[in-house]
Amino acid sequence: MSYTLGEGCCGKVRKGLYKGRVAAIKTVPYDITDEEDLRRECRVYGTLNHKNVVKLLGPPERGLDGWTIPLEFIDGCILEELIFPAGKLSTAEKDYIIFGMCDGLRYLHFRNVVHQDLKPNNIMVKRSTKEAVIIDLGLAKFVNYTESGNPFSSGKNKGFHQYAAPEARAGDIRSRTSDVWSMGKVIAEVILGYRLDWDHCSPENVNNLLRGSKYASIVCRMLEKNKHIRVSMEEVVNQIYSLIHSPTPTDGMNRPAHEEPLSWMMTIPYLVGCVAIVALGALVIL
């Protein structure tokens, strides 16, 4: 039971078994990474435990084709396959996916982790529940700040150019706010149903494109060019929660079933009991 799930510049991922459990086995060729980078990636994975972030199942091991990393297997597809072209998702499903991937990123930032490579094909959507799971932390890094407020990180400044924040394109260190910008672009594309050209990602233009959408305001704040006034993921998640009232869909997906009204036959035992109590009380009085 082993076949390729995906392949990219940093290696490939196949479905296989790890200690008797179905897993996504990531293989990274020896010539495109060094052990230090690999250990850093696994240290990032090892600190995380959130339903919207893929989990590491074990330490990296040497294999025939390169390093192998056992990861949680997500039964579903990448977000890109669901949003391009438009029309494959209901409004409730979009709400659930958007909330999930934003809450996963909020958690990463809470753990001082910057993903660096957020894009629709680095987010999986579970087939059965439509739950979003952030994957591929190969470029992720720990980020903290000096006393002067300057960021420093444990990894290199990398990531896909089309989803890179303006400051990252300018050569600045990618930080939490850079991830926020990338996620804002992803959310806009989920709503629009087509890939948004980077040059068209100004808040003014996106506000026009999303006119009438409940997400227009928060997405524009995420795509703010000035990183110093860009919204945080904590604020994003709180805002989205208030927009959809609940992190779960409202069109039947994961919604608890309504209680059925009692039929008239079910009230008979209750009425008989009441009559008996009244009769017993009358006898006592007599």
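## Loop residues with positive phi

Asparagine 112 sits in the loop between helix 3 and strand 7 (113-114), in a model that is predicted. The phi of asparagine 112 is near 65°, a positive value in a residue other than glycine, and with a relative accessible area of 26% asparagine 112 is partly exposed.

Glutamine 116 belongs to the loop between strand 7 and strand 8 (123-126), and its phi, near 80°, is likewise a positive value in a residue other than glycine. Glutamine 116 is buried, however, its relative accessible area being 2%.

## Helix 3 against helix 5

The axes of helix 3 (residues 91-110) and helix 5 (residues 176-192) come within 11 Å and cross at roughly 175°, which means that helix 3 is roughly antiparallel to helix 5. On the side of helix 3 the contact is made by Lys94, Ile98, Met101, Cys102, Leu105 and His109, while helix 5 contributes residues including Arg176, Asp179, Met183 and Val190. Sorted by class, this contact of helix 3 with helix 5 has ten nonpolar, one polar and three charged residues.

Phenylalanine 84 and proline 85 are joined by a cis peptide bond, for which omega is about -5°. Proline 85 is found in the loop between helix 2 (79-83) and helix 3.

## The cavity

One cavity of 30 Å³ or more is present in the structure, and the largest cavity holds about 30 Å³ of space. Its lining is made by Leu82, Ile83, Ala86, Gly87, Lys88, Leu89, Lys94, Val190 and Gly193, which divide into five nonpolar, two polar and two charged residues. Among them, Lys94 of helix 3 and Val190 of helix 5 also take part in the contact between these helices.

Methods: Residues numbered from 1 in each chain as written. Predicted model: local features only at pLDDT ≥ 70, side-chain atom pairs only at ≥ 80, totals over all residues. Heavy atoms only, no water. 1 Å grid on protein atoms, 1.4 Å probe; cavity = no way out; pocket = protein on both sides within 12 Å on 5 of 7 lines; lining within 4 Å. Points joined across faces, edges and corners; volume = space filled by probe spheres on them. Nonpolar A, V, L, I, M, F, W, Y, C, P; charged D, E, K, R; others polar. Axes fitted to C-alpha atoms, helices over the stretch in contact; angles between N-to-C directions. Helix = DSSP H or I, 4+ residues; strand = E, 2+ residues; numbered from the N terminus. Parallel < 35°, antiparallel > 145°, perpendicular 65-115°, else oblique. Contact = heavy atoms within 4.5 Å. Buried < 20%, exposed > 50% of the residue type's maximum accessible area, 1.4 Å probe, protein only.
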